[in-house]
Amino acid sequence: MKLVELASVIRTKNAGPFELTIDVIFKDRETYQLAKNNNILNAALIAELYNVPESDILTAIYFDPACAFKATMKRKMPCGDLGENDIYGAQQHAPLLDLEVKLGDGDEHSDS
Amino acid sequence: MKQLTLLSPTAILGYGFPDSSFERGISFGPDVIAVDAGSSDPGPYYLGSGKCFVSRVAVKRDLTYLLRAARTLRVPLVIGSAGGSGAKPHLEWCHDIIMEVAKEEGISFRLAVISADVQHSYLKDAMWDGRVKSLGPVPDLSEADISESTYLAAQMGIEPFLKALDGGADVILAGRSYDPAVFAAFPVWKGYNKGLALHLGKILECAAIAALPGSGSDCMMGFLEEDCFMVEPANTERRATVESVAAHTLYEKSDPYLLPGPGGELDLYKTEFEQVTDRRVAVKGSSFREQPYTVKVEGAKKIGFRVITIAGARDPRFIEHLDEIIAGVEERTIGNFQWEKGKFKLMFHIYGKNGVLGEQEPHPNAGHEVGIVIEAVAKTQELAEAVLGFARSTMLHYGFPGRLATAGNLAFPYSPSDFKVGEAYVFSVHHLLSLASPNEIFPVIFEEVGS
């Protein structure tokens, strides 16, 4: 299934002028727990989606209080440098919108 | 039960708030009104040029409400990151507005002004002393980066605010500040827990952005107790929910559990969120861990002048050949100005194809029309205009295989077609500076206003 079906928020934003941070907030705790247990989002996957080396992914972490996954990566260029196309970094989430994920066995009929 | 009430009127001073929300916020009887006026989000231009990204009229409107209310209630008003970037010209700009409002409203108060400027020579010395380090994926600092920066401002922690409060300030106007410190200073001065106060500040600095529905131009209340705090939007049409508040903890931060700031880090590993009423969330367990005292220093430098043009293209053959046309226009432009090589850069943003994501666009397929922004940045205004003008006319009349529309390739919405954006800046300093004392570079100056 697609990530967009599991999430209520998929966003990006600068975390300071040199980093871009991705937040994915899952639609409910049960979905979040399945996503986390299956590690459907991780540093390697984010690196692949954004076509950057995995070493550019500075953090990739699940945050239980918000039922969220967060990944922070090195910005393509410092905010506002020559060639910039998104000063706030607020529209860099599109590669996540196509993402197909697998919640593992029983994800369709989970009764946990 | 000991409780302190805080009013955060708006996410950024000048973003505004509805009268009804502000009145309701005031009806809670806040012990302090605090507002963040800054951000580095709008990019390097504002710090570099000394200009503010919010209009003077909008800032004056908000300050009129805030000064009136604070002086009527006799509670402190705390303003951080004055003028957006919080360097000298930004601080003076905001100071000037405060003076104007005080005069027009006929109000008097004791004002503390805290500057956040870092002297260029001081930072160079600190760099050679090994007291400066890169913050995250930032290149090492060089003497040239420091020299070329127009202004250097450091983010102060709570300590200079405490000094201002000790000195009897009614209104505190601070230069560049760590956002949560603007809100946490008064509670810490009153003896409340620093970890809880800073976490509350982290939420309040964006006001109602942490509410549902979120808004950057509406008021948020904070209620701080000894072992927890609560947040509730002043506007009854919004709610604070566990999800909205916990989600905001992620916002604009690299790591959701550890939030570094001046003098230590906020640890949220044991933080718990609880829905206490339909519209109010309680938070407990957040703690502050002291570390060697460092502050973030920011600077931007001018790299030249920018000129742009905006055009549309609706010809499918032109769109089909766009990549080679752009390459051709670049080659012609560079060839035409080859004696100025290295003094200019020409760039194309192709909206409708990959204008937002660039090379990371997973679907770089142009539609039936594209929007084109041509951008030239050069060492001088004249050269930027010449390069942009040449590229624009070359693209307009560029020949390509199968061309049918030989009168012109571009649709310009405006005359004049080219826009002088002005000076272009880039961030040059984004580094951590170790301080011997938290107040070392943040002088507090008191003045009596209106008396």
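Here is a chat about strands and helices in this predicted model.

Biologist: Before we start, how are things numbered, and what confidence is needed?

Modeller: Residues count from 1 along each chain as its sequence is written, while chains are lettered from A and ligands numbered from 1 in the order in which they are written. The model is predicted, so local features need pLDDT of at least 70 and side-chain atom pairs count only at pLDDT 80 or more, whereas totals for chains, interfaces and linings use all residues.

Biologist: How many residues of strand β1 of chain B are buried?

Modeller: Strands (E, at least two residues) and helices (H or I, at least four) are DSSP runs, numbered from the N terminus. Buried means that 20 or more other C-beta atoms lie within 10 Å of a residue's own, exposed means 12 or fewer, and partly exposed is in between, with C-beta atoms placed from the backbone. β1(B) covers residues 4–8 and is mostly covered, the buried count being four of its five residues.

Biologist: Which residue of β8(B) is the bridge partner of T5(B)?

Modeller: Two strands pair if DSSP finds at least two bridges between them. β1(B) and β8(B) (residues 220–224) run antiparallel, joined by five bridges. Across from T5(B), the bridge partner is F223(B).

Biologist: And which residue of β2(B) is the bridge partner of L6(B)?

Modeller: β2(B) spans residues 32–36 and runs parallel to β1(B), with two bridges joining them. The partner of L6(B) there is V32(B).

Biologist: Why do the buried residues of α1(B) lie on the same side?

Modeller: The buried ones are S21(B), F22(B), G25(B) and I26(B). The arc is that of the directions from the helix axis to the C-beta atoms. These residues sit on the same side of α1(B) because their arc is only 135°.

Biologist: Which residues are exposed on the other side of α1(B)?

Modeller: The buried residues of α1(B) are covered by elements including β1, α3 (56–73) and β8 of chain B. Over on the other side, the exposed residues are D19(B) and S27(B).

Biologist: Over in chain A, which strands stand at the edges of the open sheet?

Modeller: The sheet has four strands in the order β1-β2-β4-β3, with antiparallel pairing. Two of them have a single partner strand each, so one side of each is left without a neighbour in the sheet: β1 (7–14) and β3 (57–63) of chain A.

Terms used. Two residues are in contact if their C-beta atoms, placed from the backbone, lie within 7 Å.
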